[in-house]
Amino acid sequence: MTQTQEPARSRTFSWSDPVASAAHIGRRGGLELLRAMIAGELATPPVMHLIDMARMEADEGRVAVELVPQEFHYNPLGTVHGGVISTLLDTAAGCAVHTTLPAGVGYTSLDLNVKFLRPVTVASGTLRCEGTVLQRGRRTALAEARLTDTQGRLIAHATSSCLLLALDTPA
């Protein structure tokens, strides 16, 4: 990704074809799939490049992602847009659920309930978002995500319900 600041600001970025990585969904367990993305064996989703998400960690039932706030994340008030924060929370919570799923099982978010607690600016430093699974059944899962700044202060919190579903995988 490249970014310029003077005089006019601009930003460009690139991504890989998402269909290539999507072909592995349903054929690998969720944790295996995410670890392959982290290792660079599979391309990360374009949204990670769009908002400049970085450094993902994944374990069974837990995912962490990081983001360094930039000007291009700002809303008209001069703080990071709530949609960017919500995207981080949704990613961490949903991917935490994904880590618990075997091959052939997928998920989709049913809801995301977000509480914004502090404003975020470039001065906030690296943000860390950790998602954990609170409960997983046969048809639904409940996860939470916590977003903190470099001082460990809670910036935002979310809960997410996910619907678990069987995936059609070609033979």
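The model is predicted, so to speak for local features a pLDDT of at least 70 is needed and side-chain atom pairs count only at pLDDT 80 or more, while totals for chains, interfaces and linings use all residues. Residues are numbered from 1 along each chain as its sequence is written, and side-chain values use heavy atoms, with hydrogens and water left out.

Read from the N terminus, the order is β-β-α-α-α-β-β-α-β-β-β-β. Along the principal axes, the C-alpha atoms fill a box of roughly 55 × 35 × 25 Å. Of the contacts (heavy atoms within 4.5 Å) between residues at least 6 apart in sequence, 63% join residues at least 24 apart. The accessible surface comes to about 9200 Å², with 54% of that belonging to carbon and sulfur atoms; areas come from the Shrake-Rupley method with a 1.4 Å probe, and for residues only the protein chains shown count as cover.

Buried residues make up 37% of the 171 in the chain, where buried means under 20% relative accessible area, exposed over 50% and partly exposed in between (1.4 Å probe, protein chains only). Helix α2 (30-38) has its share: Gly30, Leu31, Leu33, Leu34, Ala36 and Met37 are buried there. Their cover includes α1, β3, β4 (62-67) and α4. Just after α2, glycine 40 takes a positive phi of about 85°.

Most residues other than glycine have a negative phi.

Now for the pockets. On a 1 Å grid over the protein atoms alone, a pocket is an open set of points with protein on both sides within 12 Å along at least five of seven lines, and lining residues have an atom within 4 Å of a point. Grid points are joined across faces, edges and corners, and a volume is the space filled by probe spheres set on the points.

The largest pocket holds about 490 Å³. Its lining counts 23 residues, with Ile25, Pro45, Cys95, His98 and Tyr107 nearest the centre. Two or more residues each come from α1, α2, α3, β3, α4 and β5, and α4 gives the most, with 5. By type, the lining splits into 14 nonpolar, 7 polar and 2 charged residues; Ala, Val, Leu, Ile, Met, Phe, Trp, Tyr, Cys and Pro count as nonpolar, Asp, Glu, Lys and Arg as charged, and the others, Gly among them, as polar.

The second largest pocket has about 190 Å³ of space. Among its 13 lining residues, Thr44, Met48, His49, Met53 and Ala54 lie nearest the centre. Here α2, α3 and β3 give two or more residues each, with β3 giving the most, 4 residues. This lining divides into 8 nonpolar, 3 polar and 2 charged residues.

Definitions and conventions: On a 1 Å grid over the protein atoms alone, a cavity is a set of points where a 1.4 Å probe fits but cannot get out, and a pocket is an open set with protein on both sides within 12 Å along at least five of seven lines; lining residues have an atom within 4 Å of a point.
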